[in-house]
Amino acid sequence: SASETEYEFIRTLIEGGHIPDDVTIQVLVQAREHLIRRTFEAIDGAKHVIFHFYNSTSTLQQKVVFHTDVEGVKKIAVDAARLIRELTEAYEGDTHIRYEYSPESFSGTEMDNAVDICAAVVEALGSTKENPVILNLPNTVEMCTPNTYADQVEYFIRHLPGRERAIISIHPHNDRGTGVAATELALLAGAERVEATLFGNGERTGNVDMVTLALNLYTQGVDPKLDF
């Protein structure tokens, strides 16, 4: 729903049968009602979809962007989760939809607030151990060092109620040039999934480079299961 170009791109992939049956596409949408509804139109007919929604939760963005407090940004997240669940349950197609939520600017959010917001989203989505939500923790603008980010991820995991109802994902940026290091440390801290890009070509100054990351793991005896 970001633009007509993205919308038409997704529709072309789906209607042209270009997505293999064993491939899951992922769409990303702000926690805003009209964009969420438009995104459901975009994915119609796809076999497997990760429906990824987000809103910023950092102290700064609470004040500057949303003109609210932590309860206000939690309400934005929960309202979006309830709408997405409602639209999924009313959906009549054969699409298998998995949920993903990101507290954008996670690394700039007080950790207890990040935990509280994500726990509320888990409840609103009705996630279970058998059908867990992906909770994705971005290191937005890579505002902290790799060890600090890993500490935040570990704290989040240890304090999240109903931990078994979530897959912990990370979304490292590379503004400081330490995206790979931050990813490796966050994985050691308990993260289970990584959102990466080929050669780091991503947002602004880049995201973590999937190729370097995978080869680093390979040198340490961990098979990333990628065909180099």
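Mentor: Let us begin with T128, which counts as partly exposed at 31% relative accessibility. The model is a predicted one, in which local features need pLDDT of at least 70 and side-chain atom pairs count only at pLDDT 80 or more, while totals for chains, interfaces and linings use all residues. Residues are numbered from 1 along each chain as its sequence is written, and side-chain values use heavy atoms, with hydrogens and water left out.

Trainee: Why is T128 called partly exposed?

Mentor: Buried means under 20% relative accessible area and exposed means over 50%, with partly exposed in between (1.4 Å probe, protein chains only). T128 has 31% relative accessibility, so it is partly exposed. T128 is found in the loop between α5 and β4; helices (H or I, at least four residues) and strands (E, at least two) are DSSP runs, numbered from the N terminus.

Trainee: Which residues does T128 touch?

Mentor: Contact means heavy atoms within 4.5 Å. Leaving aside residues up to four places away in sequence, T128 touches E164 and R165.

Trainee: How is T212 classed?

Mentor: T212, in helix α8 (residues 210-219), has a relative accessible area of 33%, so T212 is partly exposed.

Trainee: What makes H67 exposed, and where does H67 lie?

Mentor: The relative accessible area of H67 is 66%, so H67 is exposed. H67 lies in the loop between α3 (59-64) and α4 (70-90). Although H67 is not a glycine, its phi is positive, about 50°.

Trainee: Is K225 buried or exposed?

Mentor: K225 is exposed, because its relative accessible area is 69%. K225 is placed in the segment after α8. Its phi, near 60°, is a positive value in a residue other than glycine.

Trainee: How do you know that β3 and β4 pair?

Mentor: Two strands pair if DSSP finds at least two bridges between them. Strand β3 (residues 96-104) and strand β4 (residues 133-139) pair in the parallel sense over two bridges. In β4, E100 has I134 as its bridge partner, and Y101 stands opposite L135.

Trainee: Over how many bridges do β4 and β5 pair?

Mentor: β4 and β5 pair in the parallel sense over seven bridges. V133 stands opposite A166 in β5.

Trainee: What is the strand order of the open sheet, and what makes a strand an edge strand?

Mentor: The open sheet has six strands in the order β1-β2-β3-β4-β5-β6, with parallel pairing. The edge strands β1 (25-30) and β6 (193-194) each pair on one side only. Helix α2 (residues 33-42) packs on the sheet, touching β1, β2 (48-56) and β3, and its direction makes about 160° with that of β1. Helix α7 (residues 179-188) also packs on the sheet, touching β5 (166-172) and β6, and its direction makes about 160° with that of β5. Axes are lines fitted to C-alpha atoms, for helices over the stretch in contact, and angles run from 0 to 180 degrees between N-to-C directions.

Trainee: Why is β4 described as largely enclosed by the rest of the structure?

Mentor: Seven of the seven residues of β4 are buried, so β4 is largely enclosed. Both of its faces are covered, with V133, L135, L137 and N139 buried on one side and I134, N136 and P138 on the other.

Trainee: What makes β5 largely enclosed?

Mentor: In β5, seven of the seven residues are buried, so this strand is largely enclosed by the rest of the structure. A166, I168, I170 and P172 on one side and I167, S169 and H171 on the other are all buried.

Trainee: Which residues touch the most other members of the largest nonpolar core?

Mentor: A nonpolar core is a set of buried Ala, Val, Leu, Ile, Met, Phe, Trp, Tyr and Cys residues joined through side-chain atoms within 4.5 Å. Of the 53 residues in the largest one, L135 and F156 touch the most other members. Helix α5 (residues 111-125) gives the most to this core, with ten residues.

Trainee: What is the volume of the largest pocket, and why is a space called a pocket?

Mentor: On a 1 Å grid over the protein atoms alone, a cavity is a set of points where a 1.4 Å probe fits but cannot get out, whereas a pocket is an open set with protein on both sides within 12 Å along at least five of seven lines; lining residues have an atom within 4 Å of a point. The largest pocket holds about 590 Å³ of space. Grid points are joined across faces, edges and corners, and a volume is the space filled by probe spheres set on the points. Of the 24 residues lining this pocket, L28, H52, H171, E195 and E203 are the closest to its centre. The largest share of the lining, five residues, comes from β1.
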